[in-house]
Amino acid sequence: MEALFRAAVMVLFWHHVCGLDVPLEIRQPPTIIRQSPKDHIVDPKDTMVIECEAKGNPLPIFSWRRNGRYFNVARDPQTSMRRRSGTLDIYAWNNPDEYEAEYQCIASNEHGSAYTHKIILRLSRPPLWPREILEPVVISAGLPLVLKCEPPPGPPRPETYWMNSCSFARPFNWPIQTAFPTMQPVRQDRRVSMGVNGNLYFSNVLFNDSVNDFCCNARFPHRNAVHQKRPVVVKVLTMRSIKEAAPSWLSPKGASSNILVLQGEELLLECIAAGVPTPHISWLKDGEPLAVTPRMKVKNYNKMIQIPRASFDDQGEYTCTATNKLRYIEHTIAVRVKASPFWLEIPTDLVLAPEESGRLTCRSDGVPRPSIRWFINGEPIETAMAHPSRQVSGDTVTFRGATLENTAVYQCNASNQYGYLLANAFVNVLHSTPRILGPRVEHVRLVEGTRIFLDCRYFGSPVPELRWSKYGQGNLELGSRYKVHDNGTLEIKRLRSDDEGTYVCVVSNVAGRDESQVRVEVKEPTLIVKRPQNTRVVRGTDVRLECSVTSDATTTVSTSWMKNKNLVSTGWRISLDDSNLVITSVNRADEGNYTCLVQTDMETKSASAHLIVMDRPDPPTSLKLSDPFERSVRLTWIPGDANHSPITEFLIQYDDDDWLPGKWRNLSSYPGSLNSVMLQLTPFTYYAFRVTAVNAIGHSRPSRSSSRLQTSGAPPDVIPRNIKGVGTWRNNMEISWEPLTYREWNGPHLKYLVWWKRKDSREEWKNATTKWLRYYIYDADTFTPYEIKVQAANDFGLGPESPVITGYSGEDRPSEAPLNLRVEDIESTQVTVHWDPVARTSLMGELKEYKVYYWRDSSQVRWLGVSRGLKSKLFPSEGPDTSGVLEDLFSYSNYKMYIVVTNNRYEGPASNTIPFSTLEGVPSVPKNFRIQLRHLDTIYVDWSLPAEPNGVIIGYTLKYQTVNASRGEESVEEFPPNITSYTLRRYDRYTRYRFSLAARTREGTGDWHTEESLHYTTEAYARDQVDISTQGWFIGTMCAVAVMVLILLIVCFIKRSRGGKYPVRDKKEISLEPVDDMKDEEGTFDYRLARVSTMPYSRREEERSIQRPALEAMMIKRSDSDDSLVEYGEGGDIQFNEDGSFIGQYTGSRRDVREEADYGESLELHSPMSAIYSLA
């Protein structure tokens, strides 16, 4: 058998006559050149075409046979034959089924008849499923099930596959409000599979198989259409437990089967078994484990073996075994391989001269071996007229001493029971002079190193003799570089410069001769010395593709560029620099394969390079959402083109604002290898997503937004933050917290559940529900600890409880003052304050701090006035230490202070007031320091007392030194406290001095004041700087002022003599300020020393109720308005001075104001006329 197939692929050598081309101008029998396939399937809706083309001289005449009988095409109105062709067009407007038949075309002329093989015309049937009502299949779980497909038979046979959920539906829980196709292919596994016959097999059914319906789909490749069978519903009855079952065969049935397959056809071996658990399939061949070869594919979870092209090596017995834990079963498939006839040697056309000999050979093989039959012009050779020059011997017809009567078309038919082969070969007996066929080329220009073919196709009968020569002298020496082919073509390999010349082809026989000449010119080759290189560039940059060329000096070279086989057009971006291509500002459209094309009249050379433009990725497409849950959804997309730079990551953004869409925020990023991810979301939120791809070049444009999705609601999962329990009044507690953001609601109708109970008590938790951010508990004891917790809730349930915190009810005013207030460690600017702590029970709340109030009562320097402004300092209650330091005090001063204790809301009562005095310190800088140049040779310096002596001034220290080009020696002068000036005599009027002055006390020297004298460059300028009191203009101005003051005094005396007396009383000055805003509203004012309370509930509120009667009395006195009608004589007693002036206007309420002043201090109210009287 192996020798048989080696013979099928042997290279055959024919009689040398077969290599001759018979030109059509020579008489010859017909030859079939085109025909339709043996099995010809057509669509009856279109024109049905059966091809039949032939050549011959004279032109052949065509006729047809249908079902072995002559078919008269001219008399059939629905058929026609094309002009100068045998192709048959069948329109079949009516009854197309009548044209399903076996057709054969015959091409004839006066020299013979050629036949096509028999063409069986079949009509493709409409792919219609039979109308039937499929009842639901009811089956118990664990049993096997077979759903039959039984598609329409065709032709051709359709491809089948199974789907489930064979309808379009929207699941009730799908949040995206668009129709979503749910039809999916049936997932095949070890339990479920589709057979070769198209049926769907279930080794055992499960309850999940009843979720969907099933439908068989058939694809008809001829019509490119898919048709669906009516769905069948499977209802699986549930059982408490599925009973185990031993394997049994579903396909094929029984213990053995046979398969016959033809060589080259597809071989499919299938074994499908039922059972619980699902059986496992294994294979043996001829008793040995099956060896899987590259020609073989094991599919369908080991249930199917596919061999695309069967051979005789595939014959044998295949055993499939189905095994589960109960037992195993076997099925044996006997495979036989046969072969329809195939060619070993096809007969070819034979041209003979009269009295010449030749033969036709027709060799074929097959299983079983085919029989050979010969025909002459379609008639069996046995019945044809015998001819002495023709002999038939099996697969060979031999001609000896051929005559013109042997000219005919011979048919060889090789057939067995699986098919047949038909071949036409003509024998043409004629006498013809030699001739060279085809156009004759006289001049050829080629380059060195190439291969040249000089054509010299010829024909003649008898077969002419062929001879090639150079310049017509002798014959060419055939060898490694020169070769003459059977058709007369001369091949010269690796052309050299010495191959130039004229080559002559001569053909001759007994009837004559013919020749052809061609001149060959050899040039230097054209070479591309610098080829363009593959280049990767970033979009927007420039690129240069180089292409340098050398060529023969006598050759004209043209260079052009091709892009993807299209000519490159130059423009403002694309230009040529010599033969180099320059592209500026490269974009994506410039990417492609560029070819430098170098052309001469002899050859074309090319060099190609691929230009890759790297760019940021294209945006992803086809965003789809699936698997929605409360807190997640799966997002799937199709990545865009990476544009030659790998995508490193995908950035997913979301928009969760349903009212103002378009506010995109980053959600997460994922590696570039993924295109389907689970996104973690917030419940009860509208989402839309988009994806951006990122590579080394940059970010892509965002994709189109996905469909909008609303996640389902869920209980809150966030605990309210910053929970507090604080009393706002002495018998309540306010429980407050920060609200959950809208994104943290997780559902509609957010509210808060508040829990509380007394700490360290056995009482049960109390709770209340509110939608606000605080809740009040009333009727609570003062400053009582409570345990508090808060949890959020919505329509979907309760969120997590917060940790228990401790809150306190409201605080009251402390009932005791700190005792034993005292000072220690007295220094000049600070003292240490000590006190005894108050009892916890008297705080009526949480101890916050101690607060010391103090003020500067007076200075120990008698003549120095001070400000008595009240100050305070806080001392936090940290640890057992009850002391503090008062800093930034004035030295050598008398202070008073008291202390209070505070909780978070109130100050307690004040302690006793104690005095203390600071020690003497160093003085501040003397005031009003002046440097005067009264004369050219003296400097006058004076000053006044320091603003803060900080003790008893015992003197002053003055330092001075020159500061011109070089500093002189510093001089020091000491002065007693009553000397505040100094005159320095200078020896050089141009010398500048630096003066430093400081005051002294017993504690030391105070701060220094430093100043430099003015610098004068000329004596004239210094002369102008004399004492101003000696200037005439100053003396005149002062005289004028004195005259004006005298005139004013005279006027005042005159007015006083007319009754304008206004007594003025000298009082001590004190700062006045309004004490109570309430009095301002009532139109009265109370001026006193200010004492400001920093607590929210000051003790003044309690004192007001006591002072209100006194204030009302004072208000009555103050109600006597200065411009009252009573005071102008319309009633009431008015106090007058002895000169009749309104004394009461300025003194009537003076006593009341003084009585209201704090610390027993008197006040002085100044009259607007005091300044005038003082002049008197």
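The model is predicted, so local features need pLDDT of at least 70 and side-chain atom pairs count only at pLDDT 80 or more, while totals for chains, interfaces and linings use all residues. Residues are numbered from 1 along each chain as its sequence is written, and side-chain values use heavy atoms, with hydrogens and water left out.

**The five-stranded sheet**

- An open sheet with mixed pairing is built from five strands in the order β33-β41-β40-β36-β37; strands, like helices, are DSSP runs numbered from the N terminus (E, at least two residues, for strands; H or I, at least four, for helices), and two strands pair if DSSP finds at least two bridges between them.
- The edges are taken by β33 (350-352) and β37 (379-380), each of which has a single partner strand, so one side of each is left without a neighbour in the sheet.
- Strand β36 (residues 371-376) pairs with strand β40 (residues 408-416) in the antiparallel sense over six bridges, and serine 371 stands opposite serine 415 in β40.

**Cis peptide bonds and positive phi**

- Most residues other than glycine have a negative phi, and most peptide bonds are trans.
- The bond from valine 367 to proline 368 is cis, with omega near -5°, and proline 368 is found in the loop between β35 (363-367) and β36.
- The bond from asparagine 57 to proline 58 is also cis, with omega near 5°, and proline 58 lies in the loop between β4 (52-57) and β5 (61-66).
- Asparagine 302, in the loop between β29 (297-299) and β30 (304-307), has a positive phi near 70°; its relative accessibility of 25% makes it partly exposed, a class that lies between buried (under 20% relative accessible area) and exposed (over 50%), computed with a 1.4 Å probe and protein chains only.
- Asparagine 950, in the loop between β84 (938-946) and β85 (955-962), has a positive phi of about 55°, and this residue is buried, with a relative accessible area of 13%.

**A nonpolar surface patch**

- Val1043, Ile1047 and Val1051 form a nonpolar patch on the surface with about 260 Å² of accessible area together, where areas come from the Shrake-Rupley method with a 1.4 Å probe and, for residues, only the protein chains shown count as cover.
- Patches are made of residues with over 30% relative accessible area and no salt bridge, joining like charges within 9 Å and nonpolar side chains (Val, Leu, Ile, Met, Phe, Trp, Tyr) within 5 Å; a salt bridge is a side-chain nitrogen of Lys or Arg within 4 Å of a carboxyl oxygen of Asp or Glu.
- Valine 1051 belongs to helix α3 (residues 1032-1057) and is partly exposed, with a relative accessible area of 42%.
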